[in-house]
Structure formats: C-alpha cells, structure tokens
Amino acid sequence: MATVTPSGAALGAEIRGIDASVPLSDAGLALVLQALHTHKVVVLRDQLLQPVQQIAFCARFGSLEEHVLAQFLVPGHRELVRVSNVLDEAGKPIGLVDAGRLWHSDGAFLDKPNLYSMLYAIEIPHGADGRSLGETWFVDTAKAYGSLPRAMKQRITGLTALNSLEAVYAAMHKDKAALNRPPLTEAQRRGVVHPVVRVHPHSGQLCLYVSRAATVRILGLAEEDSRALIDELADWCVRDEMQYHHRWREGDLLIWDNCGGQHLAIGDYALPQRRLMHRATVAGIEPVGAPAHESATADAA
Ligand code: SIN
C-alpha cells in the first residue's frame, strides 16, 4: 500500500511503496497524480531504474517529449536527456551542465509547455562533510496566486505575457551560468504568449505563470510597467517561506508539476564532484487563462 508523506515545507511530499521499475497500476498512477497535484513535487526514493524502466514509468503520465539538444539525449533512449556536469573522453559535457539555474518552469517558451518533469538521480555530488550538493528548490505557483491580495488578482486576471527561450538564455548569460549550448535557431527564438494566471489542466487550480527567466513582456502594458509587474509577480512566487529544498539521494525519482510550480537548480558543486541525472518530460497542452470572475471571488488565502 503506497503512502504519501508531506515534506513539512510549503510544498513537496515523499511517496513510499511504489517501485518505478515495474508497471505502474492504474491505482498507483492515480495516487501519484493526486499527490503531485496537491504537493507539486514528489519524490520516490531508492529506485533502481534502467532507462527503459524510467521511460515506461514516465510514459504512464502522458506522451514524452524529446529534448531539442540531441547531443545530450541518452544514447538509444531519445525520451531521456542527461542533466550532468560529467565530461566525455574528449572533455565535452555529456549533458546539460547548466539546466535550471534560474527560477523557471520547464518549457514555458513552448506553445504547449511541459506538464510534468521526472528527474532520476544516478550520481549526486557531495561536499567534504558528506552532505549532498546540487539541491533543487521548488515553489507552489497555485499558493503564490492564492496568497495575492484581491486587487492584484483582479489586475492580472486576463493578462497575457510573452515568454521566450531567448530570454532564458539571456538571463543565464547575465547570471554567468555556464552556457554549454549551441546558438538558438530562428524557430527556437520565437516567443509564445501565455496567460499570466493559468488554470491547471487537471486540478483546475489557478497558478501564477510568470518567471524572471522566461517572461519577457506583459502585453498591453508599457515596457516599464510590464517589467515592474513581471519582477513583482516572479519574486512573489519564490519567497523564501514558500520554498521546498530537495536534497538529493542517489536513486531518487523526483516528479514535478510545471504548471503548479517553479524550480531552481543550485550549482554549488564542480568536478571532480559528479552529478548525473536522466530527465523525462511529459507533454502538456496549450495554457488556458483564468476566467475573469475568478479574481472577483477569490480572496487572498
Ligand atoms: C531542471 O531544471 O530540469 C534541472 C533541475 C536540476 O538539475 O536540479
């Protein structure tokens, strides 16, 4: 019998009693989805997964996306991308070294942003004191929306914003994250417009969908007002007391909800401290904005 134990922080939970290496039952899938939509990020500890097993487990949640950077895909398993600082014999990175070094939600620059991401920890870096490094931090964007003052809810309901991968790259350069990525193609540079307040496609919760990394411009506002509102909303989402910090263990399979949350990878390690993970992402749908009457009725939580 699987159980769900909340982390005790503002979000996050551990699910015990599910072995991700064997076919996931319908009841197991329902339990994980329920926990995920409630807690936004869940961990299954002590998993022993070959790529085919991770793919089979993750595919139970929807169709899996192929990452655009083909050189970092797990050989023979195009549904998995390596997130890693490990180098090959030629000294080249085998995976995304710099993934997620700014608060973001995966695929916000896509027409249909990734719904869930699933990261499996194969090697985790440790400090001299034995403590694991390279945490991933999370926030709950439904709680962020729910805790906004009523006037702000009314102001932002119905607004839309331009999001782009180009903005993410520019922000990473600014923050001096090591960009081991080829230049963007014309198609990848194209921005997409998404609602500022999104309805979660499964839970129906209203979620703030703005980040400093990907959101370029709120449409219909003057540039200065748009920048100020993006910064205010993005900072509201990631307040310290709203965070869960995931301290990794080898064998963790971490699953997060990209509509209901944002995350940040902490780069506090370097070779010879090795970090190797395999990530799958589940395709999403075109975001739907909150209906105007919601903001009129929703009180600050
Ligand atoms: C990501 O943003 O998908 C990477 C997270 C991590 O490496 O901790």
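How do the residues of the shell around the ligand divide into nonpolar, polar and charged? The shell holds 5 nonpolar, 4 polar and 3 charged residues. Here Ala, Val, Leu, Ile, Met, Phe, Trp, Tyr, Cys and Pro count as nonpolar, Asp, Glu, Lys and Arg as charged, and the others, Gly among them, as polar. The model is predicted: local features need pLDDT of at least 70, side-chain atom pairs count only at pLDDT 80 or more, and totals for chains, interfaces and linings use all residues. Residues are numbered from 1 along each chain as its sequence is written, and side-chain values use heavy atoms, with hydrogens and water left out.

The shell comprises Val83, Ala99, Gly100, His104, Asp106, Leu119, Thr136, Trp256, His263, Ala265, Arg275 and Arg279 (a heavy atom within 4 Å of the ligand). Three of these residues place a polar side-chain atom by a ligand oxygen: His104 at 3.2 Å, Arg275 at 2.8 Å and Arg279 at 2.5 Å. Taken alone, the ligand exposes 260 Å², of which the protein buries 99% (Shrake-Rupley method, 1.4 Å probe).

Strands are DSSP runs (E, at least two residues), and helices are runs of H or I of at least four, numbered from the N terminus. Strand 6 (residues 116-123) pairs with strand 14 (residues 253-257) in the antiparallel sense over 5 bridges. Met118 stands opposite Ile255 of strand 14.

Two loops carry backbone exceptions. Most residues other than glycine have a negative phi, and most peptide bonds are trans. The Leu271 to Pro272 bond is cis, with omega near 10 degrees. Pro272 belongs to the loop between strand 15 (261-265) and strand 16 (276-282). Lys40, not a glycine, has a positive phi of about 75 degrees. Lys40 lies in the loop between helix 1 (26-39) and strand 3 (41-44).

Key: A polar contact is a pair of N or O atoms within 3.5 Å; within protein, one must be able to donate a hydrogen and the other to accept it, and residues adjacent in sequence count only if both atoms are side-chain atoms. Two strands pair if DSSP finds at least two bridges between them.
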